[in-house]
Amino acid sequence: MLMKKYLILFIIAFIFTGCNNDDFNNETPYNATDIIGEWLFYEDINKSYVTNLTLHSNSTLETYLYRYPGETNYISEIGSGIWTFSRSTKNLESRVTYLSSQTIKTNNYTIEDVDAYSLKMYDKQLHSHDTYIRVANSYNLFMDEKLGIKDIMTDFNADFNANEYESLNQNIASVNNEGIITSTGIGTTFIIAKDGDRKLAIRINVNNGVSRHASEVNSNIASIIKKYGNNYIHLDRDEIGYGLSVIAYKKPESEPCAQELQYHYEPYSGSIVCIEAIYESEKSLQNDLSYLRNHYIYLALPTTTLYVAANVTSFSDSDYYIMPLTNGLRYGSTNFLNTYHYANAWGYTIPGVFDEKSPTRQKQE
């Protein structure tokens with residue numbers, strides 16, 4: 001009789017446990033394909049953090065955690081790992097290794113609901129119900145570029161008619177009431193489009209050419225032409241000396257913020273000894289200078305200012321240097337500089353659009 005009583009109590013407890021679990025878990029079966037994609041979770045009240053999670057079809061994942069994304073765009077954690085999903089239990093398990101600390105963390109979630117717009121999960125460790133927004137697409141922009149996202153959202157789903165937009169970091173990309181995004185600074189942010197209770201996100205990466213051009217110094221001119229194409233012109237720079245040849249890309253598609261990209265190279269070896277980028281606007285130049293100050297080491301030399309890679313302890317150990325000019329940046333070979341004290345025909349100023357009264361510009365006009 002006592003055993004029967006315990007059995008009845010166990011059955012009642014099991015039923016109530018199941019009912020409590022159903023409070024946040026419906027009976028709809030989901031497949032792994034339903035949750036594959038890129039998702040975004042952001043703390044909406046204080047805007048203190050954003051989690052960007054991508055679940056791939058090969059069961060791998062990447063995750064990025066941004067702290068105070070509206071202010072600093074600081075990525076505090078980058079992780080990668082694997083994920084598994086059980087259709088019967090609706091359990092999503094992820095195993096992530098975080099880059100900065102090399103710690104491994106296992107997370108378990110119950111999928112509550114998923115559709116074209118959102119992924120709702122119950123975090124079993126934190127006991128929280130979290131709603132992730134689907135990231136519809138990702139775009140790479142340069143400074144001052146614009147992108148209209150209304151058509152993008154309509155293409156994603158014809159039934160989605162956004163009537164409100166929000167940028168998670170105005171210092172990187174702003175958005176107006178018509179859904180026109182304008183890149184305003186270097187970094188990554190997200191634009192949230194809202195159609196009533198439905199939301200979609202777009203990831204915006206605002207780039208510059210600093211790291212790319214730094215890696216091109218000392219490479220071969222043939223690789224540059226292969227990368228950017230044959231739409232260049234040869235410049236007559238006999239006055240520079242050193243027997244160098246120069247090609248230039250005018251208003252290159254690869255870098256809309258640049259008015260011109262010049263590649264100075266040794267004609268026989270093809271080795272690039274200098275790259276000079278002339279900017280379209282003062283704003284674009286200042287953004288790249290800001291990027292330089294935050295990501296490279298500053299060297300104040302007697303006659304000029306140079307930047308070198310962050311891991312360099314001595315200038316002589318660097319492969320390249322970056323020199324700010326009046327309206328552009330010079331990327332030069334350190335070895336060539338040490339050997340020839342190389343400077344172009346204009347000294348430390350590239351003729352261009354900023355200084356309308358410069359002697360060089362007046363001579364050109």
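Two strands pair if DSSP finds at least two bridges between them, and strands (E, at least two residues) and helices (H or I, at least four) are DSSP runs numbered from the N terminus. With that in hand, welcome to a predicted model, in which local features need pLDDT of at least 70, side-chain atom pairs count only at pLDDT 80 or more, and totals for chains, interfaces and linings use all residues. Residues are numbered from 1 along each chain as its sequence is written, and side-chain values use heavy atoms, leaving out hydrogens and water.

**Strand β14 and its partners**
- β8 (residues 128-142) pairs with β14 in the parallel sense over seven bridges, and Ser-138 stands opposite Arg-203 in β14.
- β13 (residues 187-195) pairs with β14 in the antiparallel sense over nine bridges; here Thr-188 stands opposite Asn-205.
- Two residues lie between the strands in the hairpin of β13 and β14, where Gly-196 takes a positive phi near 65°.
- Seven of the ten residues of β14 (198-207) are buried, meaning under 20% relative accessible area with a 1.4 Å probe and protein chains only (exposed is over 50%, partly exposed in between).

**Aromatic pairs**
- Rings of Phe, Tyr and Trp (its six-membered ring) pair if their centres lie within 6.5 Å; planes under 30 degrees apart count as stacked, over 60 as edge-to-face and the rest as tilted.
- The count comes to nine aromatic pairs.
- Tyr-232 and Tyr-249 have ring centres 5.9 Å apart and planes at 65°, so this pair is edge-to-face.
- Tyr-232 lies in the loop between α5 (221-228) and β15 (233-235) and Tyr-249 in β16 (residues 245-250), so their pair ties together parts 17 residues apart in sequence.
- Tyr-232 is partly exposed at 24% relative accessibility, while Tyr-249 is buried at 4%.
- Tyr-249 also forms an edge-to-face pair with Tyr-263, at 6.3 Å centre to centre and 90° between the planes.
- Ring pairs link Tyr-228, Tyr-232, Tyr-249 and Tyr-263 into a cluster.
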